[in-house]
Amino acid sequence: MSERCEVLVVGGGPTGSLAALALAAIGREVLLLEAHGARPSGFDERALALTRGSVALLEALGVWARLSVPPTPIRRVRLSVAGAPGGLSFEAADLGAEALGAVVGAAELGAALAAALAASRVRVLAPARLVALRPGEDTIEATVALTEGERRLAARLLVGADGAGSAARELAGIGLAERGPERVLLVAGGHAERAHEGTAFLRPAPAGQVALLPRAGRAVTAVLSPGEGSPPALTAQAFAEAVQGRFGYRLGRLRFDRPPIAHRLRSQRAAALTAPRLVLLGQAALSVHPVAAQGLNLALRDLAHLAERLAEGGDPGEPSRLAAYAGARAPEHRAVLGLTEGLLGLFSPASAGVAPLRQLALMATGRIAPLRRRLLAWLSGGRPPLPALLRGRLP
């Protein structure tokens, strides 16, 4: 016999935890599986740049108020190219807002999500690993490996939010439509000599991209994507020199007290967002380079659309409902992957001969209103998701 549940969410990282909270908040019965026990993956030393739309969702779910460290508002985003004049600057004032979004530590977000889950109606099984799937007409049966043995669960909908190497995607027979080369990201927290004034900086270059995210006071989190042939491990001093060499001295001298942590990733897109009784969210559906800060923010926009459809009531895994969701979201997935890979390709070593065209592209984006509005919509997260829908539904 299989234990029955309405919605089974696989993956307890940021996307899976938020999916479980949001779907429970709209009245669905949710069971959350997490393979790594009390320490889910995704909650580490990284800093997450969240759009206004994502912040609105976390506020509506009661997660934002549980953060132990106040988030840092992003008041502007600055894109510039080493050795080239000008650049692009997006201001919160462009939207008549105080901030374009906020930066929160991944570890702090993990603690806030754990507290929100403990106070919610979500049931959690951990450590629990998905090992088999068998879709049926009315339910999808999942075989789960627990410490004490295997258990079978029958859900009306399974949400696969278990990361880039998703077992849910693989067991559902969904392949990859696109897959890029493996890249290395080096991440470290440090301090700047001058105040950042809430500015997030992106500095692409053929030798490797660097981003600086503002934190409290003069603290920053630096994300370096080193160029080809760069060593994957650097000392704190060597990392500071590499970041400084690409970013310059706009914030004065940068200091890092610890060596950076290396993360390996590939850009990839699932061939389908859904299968019978199953939907993919987060990196299971689309994994992108953080050059445009779209990964988690896109996942939360997807979650907003999914939750709105499931809030209508009825069978959560009904085929036409899932087909409509996939049809609505697939175009933005392709666009976001094209945006991130296009930015990386435009500043790759192979494109060194088109430097004037790069500068022209930046100038055009700043002056052509439709292009600027599209980028600003992505940076701010578009429409704030779900606050009205969730209002009054939280326990």
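**A guided reading**

Guide: A272 is in contact with I174 and L280, where contact means heavy atoms within 4.5 Å and neighbours within four places in sequence are left aside. This is a predicted model, in which local features need pLDDT of at least 70, side-chain atom pairs count only at pLDDT 80 or more, and totals for chains, interfaces and linings use all residues. Residues are numbered from 1 along each chain as its sequence is written, and side-chain values use heavy atoms, with hydrogens and water left out.

Visitor: Is A272 buried, partly exposed or exposed?

Guide: Buried means under 20% relative accessible area, exposed over 50%, and partly exposed in between, with a 1.4 Å probe and protein chains only. The relative accessible area of A272 is 30%. Because this value falls between the two cut-offs, A272 is partly exposed.

Visitor: Between which two strands does the loop with A272 lie?

Guide: Helices (H or I, at least four residues) and strands (E, at least two) are DSSP runs, numbered from the N terminus. The loop that holds A272 lies between β17 (261-270) and β18 (274-275).

Visitor: How far apart in space are A272 and G175, C-alpha to C-alpha?

Guide: In sequence, A272 and G175 are 97 residues apart. In space, their C-alpha atoms are separated by 7.7 Å.

Visitor: Which residue of β20 is the bridge partner of Q268?

Guide: Two strands pair if DSSP finds at least two bridges between them. Strand β12 (residues 176-192) runs antiparallel to β17 and is joined to it by nine bridges; here R179 stands opposite Q268. β17 also pairs with β20 (residues 286-287) in the antiparallel sense, over two bridges. In β20, the partner of Q268 is S287.

Visitor: Why is R28 classed as buried?

Guide: R28 lies in the loop between α1 (14-25) and β2 (30-33). Beyond residues up to four places away in sequence, R28 touches several others, among them E6, V7, L23 and R321. R28 is classed as buried because its relative accessible area is 7%.

Visitor: The backbone oxygen of which residue lies 2.7 Å from a polar atom of the R28 side chain?

Guide: The backbone oxygen of L310 lies 2.8 Å from a polar atom of that side chain. The one at 2.7 Å belongs to G314.

Visitor: How many of the nine residues of helix α2 are buried?

Guide: Helix α2 (residues 52-60) is mostly covered. Its buried residues include G53, V55 and L58.

Note on methods. A polar contact is a pair of N or O atoms within 3.5 Å; within protein, one must be able to donate a hydrogen and the other to accept it, and residues adjacent in sequence count only if both atoms are side-chain atoms.
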